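Hi,

Here is the structure I promised to pass on.

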Amino acid sequence: MSTTKSLLVELFVEELPPKSLKKLGDEFAKTLAASLKSQGLASDQSAVTAYATPRRLAMHLSGVAAQGADKAVTHKLMPVSVALDAGGAPTPALLKKLAAVGADAGVVPQLERKLDGKAEALFWSTTVRGATLAVGLQVALDETLAVLPMPKVMSYQLEDGWSSVNFVRPAHGLVALHGADVVNVGALGLTSGRNTQGHRFEAQMNPVVLQDADHYAQQLEAQGAVIGAFAFALPFLAGTLLRIAASPGGAMAAILRAFGAVAIGTFVFFPEVYVAAGIIAASFVALPARRLAGGAEAACAEYAKRMPKGYEV
């Protein structure tokens, strides 16, 4: 395998279904990594990290090669009685089979005869060049987007005004970095680059121009005010909610009294969280109407009029 670097893939989208966010993030990363490993572009020792926020799905994978190792491949062709005529010359059936596996009549002298059950058959052994990362990642992306567990799929029109694609939400950006180098791939009408978006209001800059794959999380938080890793974001959210649960005033206190701190972080939504001067609030992207009651409903209505500052989780 060639010299390896870390790989980052990010799909930037409109707000994802909150109840499916973690599952979508995990499956996006797991499926991409599995495909790359199966193509010989990463090994079993390559570590995969999933990222998921309301507006992005991303994967970081360590130890990814620019090109996979060559593979020895043996093709079983057909019985000798069908492949060769009485004089030992290749039949049209054999030539057609060879063409199907990327060979021609020139390899006939290299074919091996082996018993296959009770009949003798012809086999062709060759070496297949390893896939390049650009080719392998394109395959992995296509496979991943085809099998993501999307609760609902929507069709939307691309900027060309003619083409339409199907995804859980409209996608607006694609990042693919191998180390510091852009890997040229495409998905959902997008072409890969190194630019992503931070928090709508709190990012130091937009777009955030990513330095390399390994600094993704740090750069996203420092310049984009976004915590990308679910594993870090959820404890941060839960701990802060619990600290303010006993607060006697404010919209969030009313909501916590109605639903409880644990419920806020689980059945209601995985929210965007904003921090400013030690005060937490949340944007209610999936609050079921049937669960609203009294003070909580009033609190949500009041909160909807405001846009507090801080971190998007």
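A quick definition before anything else: I call two residues in contact when they have heavy atoms within 4.5 Å. Helices (H or I, at least four residues) and strands (E, at least two) are DSSP runs, numbered from the N terminus. Please keep in mind that this is a predicted model, where local features need pLDDT of at least 70 and side-chain atom pairs count only at pLDDT 80 or more, while totals for chains, interfaces and linings use all residues. Residues are numbered from 1 along each chain as its sequence is written, and side-chain values use heavy atoms, with hydrogens and water left out.

The overall picture: the chain has 9 helices and 16 strands. Of its 313 residues, 45% are buried (under 20% relative accessible area with a 1.4 Å probe, protein chains only; exposed is over 50%, partly exposed in between). Taking contacts between residues at least 6 apart in sequence, 63% join residues at least 24 apart.

Now the sheet. Five strands make an open sheet in the order β2-β3-β1-β9-β10, with antiparallel pairing. Each edge strand, β2 and β10 (181-182), has a single partner, so one side of each is left without a neighbour in the sheet. I count two strands as paired if DSSP finds at least two bridges between them. For β2 and β3 there are 6 bridges, in the antiparallel sense, and Val 48 sits opposite Leu 61 of β3.

Helix α5 (residues 216-224) is worth a look next. Its buried residues include Tyr 216, Gln 219, Leu 220 and Gly 224. They lie on the same side of α5 because they cover an arc of only 100° around the axis (taken from the directions from the helix axis to the C-beta atoms). What do they pack against? The buried residues of α5 pack against β1 (4-13), β2 (48-53), β3 (56-65), β13 (195-196) and β14 (208-209). Just after the helix, Ala 225 takes a positive phi of about 55°.

Elsewhere, β4 (residues 71-79) and β6 (residues 119-128) run antiparallel and are joined by 8 bridges; His 75 has Trp 124 in β6 as its bridge partner. β6 also pairs with β5 (residues 112-116), again in the antiparallel sense, over 5 bridges, with Lys 114 opposite Ala 121. β5 and β6 form a hairpin with 2 residues between them, and Gly 117 in the turn has a positive phi of about 75°.

Last, the second largest pocket, at about 170 Å³. (On a 1 Å grid over the protein atoms alone, a pocket is an open set of points where a 1.4 Å probe fits, with protein on both sides within 12 Å along at least five of seven lines; lining residues have an atom within 4 Å of a point.) The lining has 6 nonpolar, 3 polar and 1 charged residues, with Gly counted as polar. Among the lining residues are Tyr 156, Glu 159, His 172 and Leu 188. β7 (154-157) and β9 (171-178) each supply at least two of the lining residues.

Tyr 156 is in strand β7 and counts as buried because its relative accessibility is 11%. Beyond neighbours within four places in sequence, Tyr 156 is in contact with residues including Phe 167, Pro 170 and Leu 188. Its C-alpha is 8.2 Å from that of Phe 167, which is 11 residues away in sequence.

Cheers

Methods
Grid points are joined across faces, edges and corners, and a volume is the space filled by probe spheres set on the points.
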